[in-house]
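Here are my notes for a colleague opening this entry for the first time. Please keep the model on screen while reading.

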Amino acid sequence: MLNIREGQPSDLAEITRFDQQLMVFDQTFDPTLNLSWPLSQGGQEFYKARLSRAEGIAWIAEDEGRMVGYLLGCLNQSAEYSRPEVTAEIECLYVDPSRRGEGIGGRLIERFEAWAQAAGARRLRVTVSAANRSALRFYRRRGFRCFDVVLDKPISGEGSRADGG
Ligand SMILES: CC(C)(COP(=O)(O)OP(=O)(O)OC[C@H]1O[C@@H](n2cnc3c(N)ncnc32)[C@H](O)[C@@H]1OP(=O)(O)O)[C@@H](O)C(=O)NCCC(=O)NCCS
């Protein structure tokens, strides 16, 4: 039976393995990703901070003791120039490809939202690659709306200037 529980330090190896899969998936949309980051010191410290709740939280979906999905998130204070407000950010969300469409991703978000609300957050945020259409549809169906848009342009040397000069 599917169970959603809080992550704990002993989940580090499985979270690392799943996050490597997420990065391989995301690389389809974002060629700047560093696939060796999950095993780097910075990557391991990031997971440990979420799994120990030192910063943020990890939610694990498991079935018969086997991890089938996870969500990592944290709380962010608003920028100095904004009204003071806590925002909860979904940093990583991934469901095993063989278990998608069963509502696991939706349940992970529900748990995160309840945790964030109890922690005083007023908004949820997530950054999604513009080309990740199925994730965008997934979030829109759950009440998320496009907020900021980040524009990107590779610099390719001569002739890259917008005016062509
Ligand atoms: C986005 C993601 C987390 C959703 O997880 P999930 O467990 O499939 O989510 P749910 O089952 O709650 O909902 C999936 C949606 O796709 C539909 N769906 C049906 N079959 C599906 C399948 N085989 N695969 C994916 N989605 C399917 C569901 O009906 C549902 O539709 P809705 O969003 O219109 O309600 C998952 O697809 C995933 O891990 N994607 C790759 C990583 C990613 O894009 N992460 C988010 C980027 S931040």
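1. Which residue of strand 4 stands opposite Gly 69? The residue is Val 95. Bear in mind that this is a predicted model.

2. Strand 3 and strand 4 pair in the antiparallel sense, over nine bridges. Five strands make up the open sheet, in the order 1-2-3-4-5. The pairing across the sheet is mixed. At the edges are strand 1 (2-6) and strand 5 (123-126), each of which pairs on one side only. On average, neighbouring strands are turned by 25 degrees against each other, direction ignored.

3. Now the chain as a whole. The secondary structure comes to four helices and five strands. Read from the N terminus, the elements run β-α-α-β-β-β-α-β-α. The C-alpha atoms fill a box of roughly 60 × 35 × 35 Å along the principal axes. Among contacts between residues at least 6 apart in sequence, 57% join residues at least 24 apart. The chain has 165 residues, and 21% of them are buried.

4. Next, the core. In soluble globular proteins, nonpolar side chains tend to be buried together. Here the largest nonpolar core has 25 residues. The members that touch the most others are Ala 58, Trp 59, Tyr 70, Leu 71, Leu 108 and Phe 112. Helix 1 (12-26), helix 2 (41-51) and helix 3 (104-118) each supply at least two residues of this core. So much for the helices; strand 2 (57-63), strand 3 (66-77) and strand 4 (86-95) also supply at least two residues each.

5. What does Tyr 70 touch, not counting residues up to four places away in sequence? The list is Ile 15, Phe 18, Ala 58, Trp 59, Ile 60, Ala 61 and Tyr 94.

6. Last, the ligand. How many residues surround the ligand? There are 20, and the closest are Arg 100, Gly 101, Gly 105, Gly 106 and Ala 135. Helix 1, strand 4, helix 3 and helix 4 (133-141) each supply at least two residues of this shell. Helix 4 gives the largest share, five residues. By type, the shell divides into 10 nonpolar, six polar and four charged residues.

Definitions and conventions:
Residues are numbered from 1 along each chain as its sequence is written. This is a predicted model: local features need pLDDT of at least 70, side-chain atom pairs count only at pLDDT 80 or more; totals for chains, interfaces and linings use all residues. A nonpolar core is a set of buried Ala, Val, Leu, Ile, Met, Phe, Trp, Tyr and Cys residues joined through C-beta atoms within 7 Å. A residue is buried if 20 or more other C-beta atoms lie within 10 Å of its own, exposed if 12 or fewer, and partly exposed in between; C-beta atoms are placed from the backbone. Two residues are in contact if their C-beta atoms, placed from the backbone, lie within 7 Å. Two strands pair if DSSP finds at least two bridges between them. Axes are lines fitted to C-alpha atoms, for helices over the stretch in contact, and angles run from 0 to 180 degrees between N-to-C directions. A residue is near a molecule or strand if its C-beta atom, placed from the backbone, lies within 6 Å of it. Ala, Val, Leu, Ile, Met, Phe, Trp, Tyr, Cys and Pro count as nonpolar, Asp, Glu, Lys and Arg as charged, and the others, Gly among them, as polar.
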